[in-house]
Amino acid sequence: MSNLFSQCEICGCVTSLNLKNGVCFDCKEKDDELFALAKNSMKFGEKMLLEELSNRSGIDCRHILRWVRYGRFGD
Ligand SMILES: [Zn+2]
């Protein structure tokens with residue numbers, strides 16, 4: 001992937017800005033909502049399969065993987 005352009009992983013727009021957590025400014029709020037939902041679906045210290053968390057929270061695996069990739073669960 002080029003360092004010049006980043007693609008928002010929610011709406012798919014392309015920007016020359018460095019996207020925080022892989023999403024554009026317009027999608028940030030939506031991403032925070034989804035992330036809170038995923039995080040609240042998991043008890044502290046709990047371990048589960050990606051599919052289980054996806055099923056439980058109703059959130060697409062690709063978003064969960066992205067948060068893992070960006071180290072968001074360590075917040
Ligand atoms: Zn976006």
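Colleague: Which residues make up the largest nonpolar core?

Modeller: This is a predicted model: local features need pLDDT of at least 70, side-chain atom pairs count only at pLDDT 80 or more, and totals for chains, interfaces and linings use all residues. Residues are numbered from 1 along each chain as its sequence is written. A nonpolar core is a set of buried Ala, Val, Leu, Ile, Met, Phe, Trp, Tyr and Cys residues joined through C-beta atoms within 7 Å; a residue is buried if 20 or more other C-beta atoms lie within 10 Å of its own, exposed if 12 or fewer, and partly exposed in between, with C-beta atoms placed from the backbone. The largest such core has five residues: Leu-34, Phe-35, Ala-38, Ile-64 and Trp-67.

Colleague: Which element gives the most to this core?

Modeller: Helices (H or I, at least four residues) and strands (E, at least two) are DSSP runs, numbered from the N terminus. Two elements give two or more residues to the core, α1 (28–40) and α3 (61–69). The one that gives the most, with three residues, is α1.

Colleague: Where do the buried residues of α1 lie, seen down its axis?

Modeller: The buried residues of α1 are Asp-31, Leu-34, Phe-35 and Ala-38. An α-helix has 3.6 residues a turn, so residues three or four places apart point the same way. Taking directions from the helix axis to the C-beta atoms, the buried residues of α1 fall within an arc of 100 degrees, so they line one face of the helix.

Colleague: Which elements do these buried residues pack against?

Modeller: On the other side of α1, Glu-29, Asp-32, Glu-33, Ala-36 and Asn-40 are exposed. Contact here means C-beta atoms, placed from the backbone, within 7 Å. Ala-38, leaving out residues up to four places away in sequence, touches Leu-53, Ser-57, Ile-59 and Ile-64. Taken together, the buried residues of α1 pack against α2 (50–57) and α3.

Colleague: What pattern does the protein follow along the sequence?

Modeller: The protein has three helices and two strands. Read along the sequence, they follow the pattern β-β-α-α-α.

Colleague: Is Asn-21 buried or partly exposed?

Modeller: Asn-21 is found in the loop between β2 (14–15) and α1. Its phi is near 60 degrees, a positive value in a residue other than glycine. Most residues other than glycine have a negative phi. Because Asn-21 has 16 C-beta neighbours inside 10 Å, it counts as partly exposed.

Note on methods:
Two residues are in contact if their C-beta atoms, placed from the backbone, lie within 7 Å.
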